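Here's a guided walk through a protein model, written for someone meeting structures for the first time. Take a look at the picture, then read on.

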Amino acid sequence: MDAPFLLACKRQPAPHTPVWFMRQAGRSLPEYRAIRGTGSILTAIAEPDLAAEITLQPVRRYGVDAAILYSDIVVPVHAIGFGVDVAPGIGPVIAEPFRSKDDLARLRPLVPEEDTPYVLETIRTLARELPDAVPLIGFAGAPFTVASYLIEGRPSRTYALTKSMMHAEPALWDALVDRLADLALASLRSQVSAGARAVQVFDSWAGALSPVDYRDRVLPATRRIFEGLADLDVPRIHFGVGTGELLGLMAGAGADVVGIDWRVPLDEAWRRVGPDKGVQGNLDPAVCLAPWPVVAAEAKRVLAEAAAAGRLGHIFNLGHGVLPETDPDTLARLVELVHGG
Ligand code: CP3
């Protein structure tokens with residue numbers, strides 16, 4: 001029988017609701033902090049044995065139904081030499097941000113076997129070591145979210161520079177997101193060849209956009225990624241935060257499963273993405289900081305909303321990543337609860 005996570009992605013009956021957590025690798029685990037070392041996360045990702053071990057830690061501790069590769073959305077742009085680092089506690093920072101047409105030349109195509117051999121080696125190790133019931137999820141950043149880092153040069157609250165380029169120079173913007181779609185697609189295809197059994201595209205910051213801007217300036221490049229994966233036999237997940245008003249459009253991008261943050265009840269979100277897709281979510285990560293009875297009640301509410309939708313294909317997850325201050329025991333109990341224990 002297929003793994004419960006894959007069954008749910010395909011909207012087939014599963015023995016239990018599968019559950020995993022975005023940002024389960026790293027963050028709140030003491031065993032992660034013990035082996036992570038200092039220095040940039042990009043250095044840790046480039047060590048396959050370390051990256052594989054960090055990926056496995058939450059699988060062992062929590063009993064989750066999927067593993068997520070320990071990597072980052074900026075790895076492909078870093079690997080082709082755009083000049084990206086990840087600053088501890090801040091996020092991606094770019095020495096020379098993307099400003100003009102000349103910068104397109106800094107975004108050459110990715111040759112995964114040469115540019116990111118360490119990612120593929122990590123995946124091959126994990127494909128050997130993970131149990132069959134726990135598939136590895138590969139991932140990439142979506143064009144909008146990666147573009148926002150390349151243009152802003154650091155995490156942003158308003159995306160002012162990003163939106164300015166989108167509106168003032170739409171042709172340049174379209175060329176940029178096209179390149180970023182190619183990078184994501186090449187990376188994801190190589191991850192699947194190496195042994196990833198599902199993929200997730202993170203468009204974490206897409207919720208900053210109006211539906212019209214999303215439809216005209218982001219959806220076409222994003223859709224190309226999902227179409228470019230259609231011949232591979234792996235479920236495709238599409239995730240963003242604050243996307244309540246975009247869910248109908250996102251459903252048109254072509255993924256099999258749409259990620260839902262905590263701002264829309266799960267049954268209503270499922271209505272918006274339509275009946276022919278699975279959904280993943282949508283417990284508020286901040287709820288996991290509350291006493292256990294509160295966490296349990298909120299988790300049961302999510303499960304009840306999924307049941308109320310009357311459809312197959314719910315994957316339990318948080319609405320965004322695990323917060324660093326989360327008690328690992330809470331996540332372990334949450335997995336037990338979702339599994340019906
Ligand atoms: O556990 C997992 O989900 C696997 C690994 C993973 C990381 N980054 C490791 C990481 C995944 C899936 C990502 C994706 C990612 N990276 C996203 C999309 C998911 C999301 O949270 O919306 C984004 C926006 C990034 C960019 C990024 N990388 C930020 C904003 C930060 C810093 C802030 C933070 O969250 O701590 C990073 C650094 C990063 N990536 C860390 C980890 C474990 C923490 C820093 C470290 O250990 O050095």
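Why is helix α8 (residues 143-152) largely enclosed by the rest of the structure? Ten of its ten residues are buried, so the rest of the structure largely encloses α8. Here buried means under 20% relative accessible area, exposed means over 50%, and partly exposed is in between (1.4 Å probe, protein chains only).

## Before we dig in

This is a predicted model, in which local features need pLDDT of at least 70 and side-chain atom pairs count only at pLDDT 80 or more, while totals for chains, interfaces and linings use all residues. Residues are numbered from 1 along each chain as its sequence is written, and side-chain values use heavy atoms, with hydrogens and water left out.

Helices (H or I, at least four residues) and strands (E, at least two) are DSSP runs, numbered from the N terminus.

## The sheet

Let's start with the strands. Seven of them form an open sheet with parallel pairing, in the order β1-β4-β5-β6-β7-β8-β9. At the edges sit β1 (67-68) and β9 (314-318), each pairing on one side only. Two strands count as a pair if DSSP finds at least two bridges between them. Strands of a sheet pair through backbone hydrogen bonds, either parallel or antiparallel.

Now follow a few of the links. β1 runs parallel to β4 (residues 136-141), joined by two bridges, and Ala67 has Leu136 as its bridge partner in β4. On to β5: five bridges tie β4 to this strand, again parallel, with Ala140 opposite Val201 in β5. Further along, β7 (residues 257-259) is joined to β8 by three bridges, also in parallel, and Val258 stands opposite Val279 in β8.

## Hidden strands and a hidden helix

β4 is mostly covered, with six of its six residues buried. Leu136, Gly138 and Ala140 point one way from the strand, while Ile137, Phe139 and Gly141 point the other way, and all are buried. β8 is largely enclosed by the rest of the structure too, because six of its six residues are buried.

Back to α8 for a moment. Its buried residues include Pro143, Phe144, Tyr149 and Glu152.

Helix α11 (residues 211-227) lies across β5 (198-202) and β6 (236-239), at about 155 degrees to β6. Helix α14 (residues 292-308) lies across β8 (278-283) and β9, at about 150 degrees to β9. The axes behind these angles are lines fitted to C-alpha atoms, for helices over the stretch in contact, and angles run from 0 to 180 degrees between N-to-C directions. Contact means heavy atoms within 4.5 Å.

Ala299 is part of α14 and counts as buried, at 0% relative accessibility. Leaving out residues up to four places away in sequence, Ala299 touches Leu283, Phe316, Leu334 and Leu337. In strand β9 you'll find Asn317, which is also buried, with a relative accessible area of 0%. The side chain of Asn317 reaches the backbone nitrogen of Met22 at 3.0 Å.

## Around the ligand

How many residues surround the ligand? There are 24, and the closest are Arg27, Tyr32, Arg36, Ser204 and His320; a residue is near a molecule or strand if one of its heavy atoms lies within 4 Å of it.

Polar contacts are pairs of N or O atoms within 3.5 Å; within protein, one must be able to donate a hydrogen and the other to accept it, and residues adjacent in sequence count only if both atoms are side-chain atoms. A polar side-chain atom of Arg23 is 2.7 Å from a ligand oxygen atom, and one of His320 is 2.6 Å from a ligand oxygen atom. Taken alone, the ligand exposes 850 Å², and the protein buries 89% of that. Accessible areas come from the Shrake-Rupley method with a 1.4 Å probe; for residues, only the protein chains shown count as cover.

Most residues other than glycine have a negative phi, and most peptide bonds are trans. Arg23, though not a glycine, has a positive phi of about 60 degrees. Arg23 is in the loop between α1 and α2 and counts as partly exposed, at 45% relative accessibility.

Arg11 has a positive phi of about 60 degrees as well, and is partly exposed at 34% relative accessibility. Finally, the peptide bond from Gly281 to Asn282 is cis, with omega near -10 degrees, and Asn282 belongs to strand β8.
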